[in-house]
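Try each task before reading its solution.

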Amino acid sequence: GFDGEAFFAAIRGYLACLHSSQPHVPSEMPVLGVFGNRDVVTPREQQSPALARLARNATFEEIASAGHYPHLEAPELFVDVLDTWMRALPAFRALR
């Protein structure tokens, strides 16, 4: 079932990270931020700077036909974006 305590602990941790000036993701860790360009809940202009502070080497992609839930609203496009990004990772290329 829903664990409210864990959920709110995660939200508190996320908010603390947003207000920190220190990156929290190792620079060698790949991070992908996928945004829907019709997201009015947390628009890219709001989230990109925060994610860039947390993960200095983050990659950002935008899905033109999606809002707040690009993975649900445009699943095929989301998978294409994710697949393209993953195939470009050095670790993925090393597996070939």
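**Exercise 1. An arginine and its partner**

What is the relative accessible area of R44, and is R44 buried or partly exposed? Then find the residue with which the side chain of R44 meets in a salt bridge.

*Solution.* A reminder before starting: this is a predicted model.

Step 1. The relative accessible area of R44 is 25%. Buried requires a value under 20%, so R44 is classed as partly exposed.

Step 2. The side chain of R44 forms a salt bridge with that of E62, at 3.9 Å from N to O. The cut-off for such a pair is 4 Å.

Step 3. Now place the two partners. R44 belongs to helix α2 and E62 to strand β2 (residues 59-63), so this pair ties together parts that are 18 residues apart in sequence.

Step 4. E62 has 40% relative accessibility, so E62 too is partly exposed.

**Exercise 2. A buried aspartate**

D39 is buried yet has no salt bridge. Which side-chain polar contact does D39 make, and which backbone nitrogen does the D39 side chain reach?

*Solution.* Step 1. Find D39 in the loop between β1 (32-36) and α2 (44-54).

Step 1. Look for opposite charge. The nearest such side chain is that of R38, 9.8 Å away.

Step 2. Turn to polar partners. The D39 side chain reaches the backbone nitrogen of T42 at 3.0 Å. A polar contact links the side chains of D39 and H68, also with a distance of 3.0 Å.

Step 3. List the contacts of D39 beyond its neighbours within four places in sequence: A66, G67 and H68.

**Exercise 3. A strand residue and its surroundings**

Where does L32 lie, and is L32 buried or exposed?

*Solution.* Step 1. L32 is part of strand β1.

Step 1. Its relative accessibility is 19%, so L32 counts as buried.

Step 2. Compare sequence with space: L32 and F60 are 28 residues apart in sequence, while their C-alpha atoms lie 5.9 Å apart.

Step 3. With neighbours within four places in sequence left aside, L32 is in contact with T59, E61, V81, L82 and W85.

**Exercise 4. The whole chain**

In what order do the elements run from the N terminus on, and what share of the residues is buried?

*Solution.* Step 1. The chain contains five helices and two strands, in the order α-β-α-β-α-α-α.

Step 1. Of the 96 residues in the chain, 24% are buried.

Step 2. Among contacts with a separation of 6 or more, 66% join residues 24 or more positions apart.

Step 3. The C-alpha atoms fill a box of roughly 40 × 30 × 30 Å along the principal axes. The chain exposes about 6,800 Å², with carbon and sulfur atoms supplying 61% of that area.

Step 4. For the charges, there are 8 positive and 11 negative side chains, and the centres of these two sets are 8 Å apart.

Conventions: Residues are numbered from 1 along each chain as its sequence is written. This is a predicted model: local features need pLDDT of at least 70, side-chain atom pairs count only at pLDDT 80 or more; totals for chains, interfaces and linings use all residues. Side-chain values use heavy atoms; hydrogens and water are left out. Helices (H or I, at least four residues) and strands (E, at least two) are DSSP runs, numbered from the N terminus. Buried means under 20% relative accessible area, exposed over 50%, partly exposed in between (1.4 Å probe, protein chains only). Lys and Arg count as positive and Asp and Glu as negative; His and the chain ends are not counted. A polar contact is a pair of N or O atoms within 3.5 Å; within protein, one must be able to donate a hydrogen and the other to accept it, and residues adjacent in sequence count only if both atoms are side-chain atoms. Contact means heavy atoms within 4.5 Å. Accessible areas come from the Shrake-Rupley method with a 1.4 Å probe; for residues, only the protein chains shown count as cover. The place of a charge is taken as NZ of Lys, CZ of Arg, CG of Asp or CD of Glu.
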